[in-house]
Every structure is written in structure tokens, then in C-alpha cells.
Amino acid sequence: MSDPSPAPVSMETLVALCKRRGFIFQSSEIYGGINGFFDFGPLGAELKKNIRDCWWNDMVRRRDDIVGIESSIIMHPKVWEASGHVSGFTDPLVDCKVSKQRYRADQLFFAEVVVDGATLGYVSALEVEDTGAALQEAAEALKRKKAVKGRLEPVRPRDMTEARPEEVALIPSPATGEPGSLTPPRSFNMMFQTNVGAMTDASSVAYLRPETAQGMFADFKAVVDTGRVKLPFGIAQIGRSFRNEITPRNFIFRSREFEQMEMEYFIHEDADWAKCHREWINWCRDWLISIGLPESHLSEYDHPREKLAFYSRGTTDIMFRYPFGVQELWGIAARGNYDLKQHEKHSGVPQAIFDEETKRKITPHVIEPAVGVDRIFLALLCAGYAEEDVKDEKGAVEKRTVLRLSPRIAPVKVAVFPLLKNKPELVARADALYRRLKRRYAVFYDESGAIGRRYRRQDEIGTPWCATIDFETIEKDGTFTLRERDSMHQRRIGEAELFALLEEKVY
Ligand code: GAP
């Protein structure tokens, strides 16, 4: 994808495109939908599969040091005790007793409104890109409403986790605008609970996994004993994870069911973990660029030391500039050997392995790059979407919507058109090409409407190439027109050349 990057697109525009063209639907829409769950339509399912396949090929198949697994979604509940999720996988929750709305305390901001040194009251706002500006505006409105003269001090935004007990009752609920209805923050465990077997009691409680990572730790010894791996090596997995997010939002950015691609890279306990961590950050960044994300949209965020879990040595997030702000796309954490040690303690099964070099038993440390398929999906749409003024065949200016997706990721690789649908010889030839391509690639056949309109339909879903079979194809050398999505350039090309192009670009 070309840099400098395209102008930002609004989320409304993207959501509308996803619905109109069958990328993403609200889950159970015919029943009014269910918040935080999404379905992927025909194009969305292809695009998602391409993200997964690219990651799996690059992360697992094309490397010698990483193996892949698929662990179960429901695991022994002790896994989640050992990992710390039962006691600690919580978000701070605030309720509004009047509206019954629930908020994540760290996303609900407030500020004291001070005029000439005296407190006038409090204002609140849900986190937006510039929450400070929203609170300042609310403070000015409160001053006007109370008809108070004097100098309004600049607001100092804090979130609800920082509210003093005596302040909670004074902070207005964002739902009602009135103070008195918000509760103090309390911890809410985000794991979905279920019961295994016919009995529904404490002994049957289990959880839908909130991350795929614990599958790799719980299977560590099994992989070591069977997988012919030696340090350093990684275990990777792609799969669904579930989190009962208090406020799912920003479309598929934060949902309650999503897909993760995680890899645990095990290194010697004496290895230079910081170097390895940096190498993986670079690998992840390069990989995102290889699937078409513009470098200009990516940045890094190092978690401050004081906010890290006690066992963590460092976490860096690769951030992406979404239309709703710069947000975490991929987290790369150096986790020490905390997880293996915890599983050793809780299961009683030793997790140390014999190190041939030092001739002693060690418990490897781990670097963990963890990313969500859905967040990559959304990033690709945000960066790839563009609206352009172009000229049609008659020279008139028209708008085209184009999704500039990399050929690796595009849900349809080639669209095949016969120039005219009422010419059987063109249709037969186009159909034959379509069927040959279809054995290897996701392709689309379209014979309805003017060629220009057919191009536009493909541009909108990101198809990199359109092949048009015309009279020259039949009467001359078998070549056809290949039209390129981004440049809209057309050239004549033969079938072998098209297959060679696809082989090079779709990998
Ligand atoms: N094992 C570590 C782990 O799960 P995380 O930061 O909680 O770390 C990793 O999640 C990645 O999973 C995130 O960077 C994000 O891409 C994705 N992710 C997390 N929660 C998500 C949600 N509610 N919806 C969509 N993607 C999510």
C-alpha cells in the first residue's frame, strides 16, 4: 500500500460498506442483534481467512523454529487459577443506578469545575479522542448554567478509578447528566462462565478462554516431548477468545468474541530477552507492512514500568491510527517464566526442560506477540478505504470507492468478465478462465452491466485485478485485458502470465 497514507475514513462509512457488501453483519440481527458479537459475511470470511493464512504461513510454516497447535476453548478451570485470570482478569466497573448503564471506570472521565478557586461542581465525559476538550466544554456549560462570573480554571481530567470516595456522589452520570447515581468502581471479572456436564454446581464451573496463550503454556511439555523442538523455539496458535467486555465498542475493535493469533517464543533463562523482545517487535511491524498496512499509521507504545504486572519485564504495543484514535493493535510482552512456573505449581507437573548446552534443567522465559485478527481486519479497511474522482469511458467525472487491499489479503483476487453477456463464445471463454483460476484462488465471475460498473463493484471490495475477455481474445492470440485496481491501468496479458503474476503477489 502506498505511503503517504490516505485521508481518514469515518467509522459510519466503513460500517455501511461492510454491511452493504457483505463483509460484516451484526450477529443475530433478525432478533435485534446482540451487543459485542459479529458475523462475517462471504467477503469478510475470505478476508479473515487470508489474514489467518498469511500469519500462519509466515509465523509457522516458513520458519524452522516455530510449531503450531490448536488447543480447546474450554480448558480445566485450574488453568485459569494458575494463570491468575480467576482472581485478576478484571476491569473496574461503574454502574449508573438510575439509567442502569454500565461503564468501564477507566473510560469514564470527570473533572472538578473550579471558578476563582472555589469548586462549582463536577462534569463527566466518556473517553473520546480529546476527552480533555470535552470536559472543558462541559465545565464552561456548567458555569453558564449556574450564571457564575469569574475565572474558570483549566480542567484536570481524571478517570473514575482515581475518584476519591467523597467525590463519587458529586460526579454526574453521563447518561442522566445528574450527580448521585454512580457507584464507586468495583472489579468485574471478564471471563464467561459455563458449566460442564449435567450438574450445575461449583464443581462443574468452567470458562470460555479469554486468551489462546494458556493453551501454549498448558501444552508446553507435550510439545517438548513430541515436537523435536529445541531452544529457542515458539508455539503458535490461532483461535477464538471470549471476554465479557463491559463496553464493547468501535465496531469489531473491542468485541466479546474475537479471534487471536498468539505465539509464545521460549528462550533460555540466561538469554538476552531485551534483544529478543526487540526482534519480535520488529518482526510484527514488518509483517503488518507486508500485508498492506501503511507504516505511517503504525507507532509503538512502551508500557510504563510501574503499570506492568510484577512478573513482566517489558511490554510494547504496536499501535494503529484508527479513525477513533491511536489504539493497540499488537502487544509484544516479555513475560519471564511466570506462566510455566505457575502451571508447575498448580498442576504439580515439572515444566523445566534439560538444557544440552549447560547440562542443567531450566524453565524457559517467554516473549509473547499477541494480536487480534479482528483488529487487523479493521485496520486494513480503515487504511485501504478511499473515495476518488475518476473519469468514466466517456470522460465524465464520477466517484469511485476503492479498497486498497494487498493482493495477499484481498477477498477476491481476480474478477473475470466476458465483454458482452449475449455472445456465447465470449461467455464460454471467460467461464473457462474463471474455472481454471478458481482451482487455486478466490475469483469472481460477473457478466452483468457495463464494464465500467463491473470495475467499480470490484474496486469497492478491493479486488486487485479484473480480466476481461473480448473479441481479440478469441480472434487473435488468446490474450485478454487485465485492469489493475489502484492505477486503473489496462494491458493485454496471457493466461500463463496472469498465473505467474498471482504466484508472485499472492503468497
Ligand atoms: N495473551 C496476552 C493477551 O491476550 P491482550 O492484550 O489482552 O493480551 C492481545 O490481547 C490482542 O488481542 C490485543 O492486542 C488485541 O489485538 C486483541 N484483543 C484483545 N481484546 C480484544 C477484544 N475485546 N476484541 C477484539 N480484539 C481484542
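**Reading contacts and burial in a predicted model**

Tutor: Let us start with Arg491 and Glu497, whose side chains meet in a salt bridge at 3.5 Å from N to O; please keep in mind that this is a predicted model.

Student: What makes the contact between Arg491 and Glu497 a salt bridge?

Tutor: The cut-off is a side-chain nitrogen of Lys or Arg within 4 Å of a carboxyl oxygen of Asp or Glu, and the N to O distance of Arg491 and Glu497 is 3.5 Å, so the pair meets the rule. In general, side chains of opposite charge can pair when their charged atoms come close.

Student: How do you know whether Arg491 is buried, partly exposed or exposed?

Tutor: Buried means under 20% relative accessible area and exposed means over 50%, and Arg491, at 35%, falls in between, so it counts as partly exposed. Glu497, at 42%, is likewise partly exposed.

Student: What makes the contact between Asp470 and Arg492 a salt bridge, and where in the chain do the two residues lie?

Tutor: The N to O distance is 3.0 Å, which is within the 4 Å limit, so the contact of Asp470 and Arg492 qualifies. The pair links distant parts of the chain, with Asp470 in the loop between S24 and H14 and Arg492 in strand S26 (residues 490-493), 22 residues apart.

Student: What makes us say that the charged end of Arg483 sits over the ring of Tyr455?

Tutor: The distance part of the rule asks for CZ of Arg within 6 Å of the ring centre, and the charged end of Arg483 lies 4.4 Å from the centre of Tyr455. In a further case, Lys48 lies over the face of Phe40, at 4.1 Å from the ring centre.

Student: How many aromatic pairs does the structure hold?

Tutor: The structure holds 20 aromatic pairs. One of them is made by Phe217 and Phe266, with ring centres 6.1 Å apart and planes at 85°; the centres are within 6.5 Å and the angle is over 60 degrees, so the pair is edge-to-face. These two residues come from distant parts of the chain, Phe217 from helix H7 (residues 213-218) and Phe266 from strand S13 (residues 257-267), 49 residues apart. Both Phe217 and Phe266 are buried, and together with Phe220 and Phe233 they form one aromatic cluster.

Student: How do you know that the span of helix H12 agrees with its number of residues?

Tutor: Helix H12 (residues 424-438) has 15 residues and should span 21 Å at 1.5 Å a residue, and its end C-alpha atoms are 20 Å apart, which agrees. Within H12, Leu426, Ala430, Leu433, Tyr434 and Leu437 are buried. Seen down the helix axis, the buried residues of H12 fall within an arc of 100°, so they line one face. In general, residues three or four places apart point the same way, because an α-helix has 3.6 residues a turn.

Student: What do the buried residues of H12 pack against?

Tutor: Their partners include strand S22 (414-418), strand S24 (465-469) and helix H15 (495-505).

Definitions and conventions:
Residues numbered from 1 in each chain as written. Predicted model: local features only at pLDDT ≥ 70, side-chain atom pairs only at ≥ 80, totals over all residues. Heavy atoms only, no water. Helix = DSSP H or I, 4+ residues; strand = E, 2+ residues; numbered from the N terminus. Expected span 1.5 Å × (residues − 1). Buried < 20%, exposed > 50% of the residue type's maximum accessible area, 1.4 Å probe, protein only. Arc of directions from axis to C-beta. Contact = heavy atoms within 4.5 Å. Phe/Tyr/Trp six-rings, centres within 6.5 Å; stacked < 30°, edge-to-face > 60°. Lys NZ or Arg CZ within 6 Å of the ring centre and 35° of its normal.
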